[in-house]
Amino acid sequence: MSENTNNSEQNSVFINEMYESWFLDYASYVILERAVPAIEDGLKPVQRRILHAMKEMDDGRFNKVANIIGQTMQYHPHGDASISDAIVNLGQKDLLIETQGNWGDVRTGDSAAAARYIEARLSKFALEVAFNNKTTEWQLSYDGRKNEPVTLPMKFPLLLAQGADGIAVGLSTKILPHNFCEILEAAIKHLKNKKFELYPDFGTGGMIDISNYNDGARGGKVRVRSRIEEVDKKTLAIRDVPYSVTTSQLVDSILKANDNGKIKIKSVTDNTAKDVELIVQLAPGVTTDQTIDALYAFTDCEISISPNACVVIAEKPHFVSASDLLKYSVNHTKGLLLKELQIKLGELEEDWHYSSLEKIFIEKRIYRDIEEQTTWEGVLNAIDLGLKPYKKKLRREVTTEDIVKLTELRIKRISKYDSFKADEHIKGVEAEIEEVKNNIANLTDYAIRYYENLLKKYGKGRERKTEIRPFETIQATTVAIANAKLYVNYKEGFIGTGLKKDEFAFDCSDLDNVIVFRKDGKMLITKVADKTFVGKDIIHLAIFQKNDERMTYNMIYLDGKSGVSYSKRFNVTGITRDKEYDLTKGHAGSKVHYFTANPNGEAEVVTITLSPGSKARIKSLDFYFEEIEIKGRSAQGNQVTKYPIKSVKLKEKGRSTLLGIKLWFDAAVGRLNKDGNGILLGRFEDGDRIVAFYKDGSYELTDFELTNRYDTDSVVLIEKFNAEKVISAVYFDKKSEQFYAKRFLIESQTLKNKYSFIKEGEGNYLELVTTQSDPVLVLKKGKKKSDLAVEEMAFAEAIDVSGWKTVGTKIAGTELKEISVLKNDEDQAGENDQPTLF
């Protein structure tokens, strides 16, 4: 029995060891041979074998992909499906492979046609940077029948240009693609010991926020967005898709968000052909600005990507950054260029040596010395003896192989030997040798010229497609559509979207938080749910806006221990969800006499009536909340009366005790904010508006909602609107090639409608606009910018105020090279009246 037990234990240990060994072997194989690219050439094994097979087949013509797959299978042991997927992936990147036929579309997710219907060949770029048999290290293929490269001699940072994705055992890699031209420019900067920056660029276009890119290393993140345009007030157009998202996925995400009530749309239509175009029709009552924000918040119009650059270095996985990849590639390329130069130098030295030997052999008629020789050794010795007087002129020793080669010269070659051409050839070889030696001595400069040549030959048409710009942070709760109805049972203390038999409270989103106040002076915040118990005797509930410092709560409450009534004004900016907070002094029997919520800090007047049996001489008094300072929610408040209160009733509605909302405009993202980002526009109160002037010669009035969007690429001026301010503008009329000036008051004041105030015509644009009361223009005129005459023009004196539709007055032609407004005291505007210029 004990022997069986021991055998079982030994077998168990043996099997465990086998699993440990096998798993490690399997994990290593997947990492090194399948999923993770090598740092030397930026290729996974299947990609490398495809390119090697295509090089073997290369004759300048296209080959059927099916044939390429068959050729690759001699080197790749994993079947045709993986090869087919890999070659389509390489072809769609449009860098190493030229394609012919239907290769699918990464934007729409359409797959490529069958391998027998599509064709490919190596691109000229690939032939130049990826292949050189003389510098390639070789190994046997999986079956030992063929030689394949360990890595290709890649003289370009391919990993950064193409990007890479791979999931191995225990780790993964995700390297984002970068711009071809920017990579080469960064390589040149690195060779010149200058700082460089690299940021992702996607063939699908779109926009990218690289503020947290972290140089492509682990822990970084980028946000990628589609470009969304407003066609009209009820229609949006999506012009591109984020990287790794297809149009069908994007449509599905939009429809899902609509079904879940996150956005409200009538329809979405995919019109993608040569260019991406998704048309979104909005539902009635929904604004374009709010919908754009909601599309970014709830659909794949915005995605986050976390790069994780993992590559194989010396047969081990390493996590690196984009800069590390570029530096390694540049240094590796320098090494390959040096090796190529050394090989070429050796070949040139051999050419010079043999050409010199041949010249001596023929011109000195050494070939005649072998006529009387009867043995092979005698022939070789005779030639060696004939060359002896001239060996000092040679750069290396004469070998037996050299002499044998001389014996192979044909009589025709000897008889037609041209000494002049031979001398010219030797001089040419000597010049090449000097050039190569110079390149070796100045290898860095040679490498710089190499990258510059690549940029010149292949950079055209590879400009950046993805716009780099910072994104504003969109809070989902602020843009979510009210897709639910909240009901409340005030007496029993229940709230929820499922209490349809109880009283309707308000519309809300399932992402909202609700703030609840009770008669006993308790407060809590809870998330919208189907049914939630928040405590009996609810006196107020509303959607909670975090960090809202303007919402002010006015309250009078009774302290249950002392019987004294207190008043307080307070804000609630942020607390822990589902935790009760006591707004009184915390004694049993405390209760609220009076409570109001005031969005702009209004302070009303109330009439307090005391109990008839109280000892107070005056049984009724007016109380002014404006005399109370706004404090935190935990403050006990100010004493109102020590006598019992019968009732508290509103006598007079209050006015806001707060200053207007201070707003800034952030030109980087084209949004308003209260956080101090950008340029101050001023303080805004109810009824105030913003005016924006655009390059196309139009103006637009808007409210000051933080959801408003302004196109920073076309905004010329944005400021707080003042109807009494005169607008002074200069615009260019393309047809007449004249600059016109005009002054006018804004008359049409419908919100969010653009009104053009310059002549209509293609090529017309707004050159300058200001709201200064008496602006002085500085005009610089002349035929050449180096010789300009400067004039000043008092705008108000030269141009009269007229209607906003008037053409204006001609002030200059094409001789006007520069125009600006002379600064005056108005440029030091106060915080309530400060324009933003672009």
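Buried means under 20% relative accessible area, exposed over 50%, and partly exposed in between, with a 1.4 Å probe and protein chains only. By that cut-off Cys508 is buried, at a relative accessible area of 0%. This is a predicted model: local features need pLDDT of at least 70, side-chain atom pairs count only at pLDDT 80 or more, and totals for chains, interfaces and linings use all residues. Residues are numbered from 1 along each chain as its sequence is written, and side-chain values use heavy atoms, without hydrogens and water.

**Cysteines**
- Cys301 is buried too, with a relative accessible area of 0%.
- The structure holds 0 disulfides (pairs of cysteine sulfur atoms within 2.5 Å).

**Helices α2 and α3**
- Helices here are DSSP runs (H or I, at least four residues), numbered from the N terminus.
- α2 (residues 45-57) packs on α3 (residues 65-72) at about 110 degrees, with the axes 9 Å apart.
- Axes are lines fitted to C-alpha atoms over the stretch in contact, and angles run from 0 to 180 degrees between N-to-C directions.
- α2 and α3 are therefore roughly perpendicular (65 to 115 degrees).
- From α2, the contact (heavy atoms within 4.5 Å) uses Arg49, Ile50, Ala53, Met54, Glu56 and Met57.
- From α3, Asn67, Ile68, Gln71 and Thr72 take part.

**Phe298**
- Phe298 lies in helix α9 (residues 288-298).
- Phe298 is buried, with a relative accessible area of 19%.
- Leaving out residues up to four places away in sequence, Phe298 touches Ala257, Lys262, Ile263, Ala476, Val479, Ala480 and Leu511.
- Phe298 and Lys427 are 129 residues apart in sequence and 72 Å apart in space, C-alpha to C-alpha.

Definitions and conventions: Helix = DSSP H or I, 4+ residues; strand = E, 2+ residues; numbered from the N terminus. Parallel < 35°, antiparallel > 145°, perpendicular 65-115°, else oblique.
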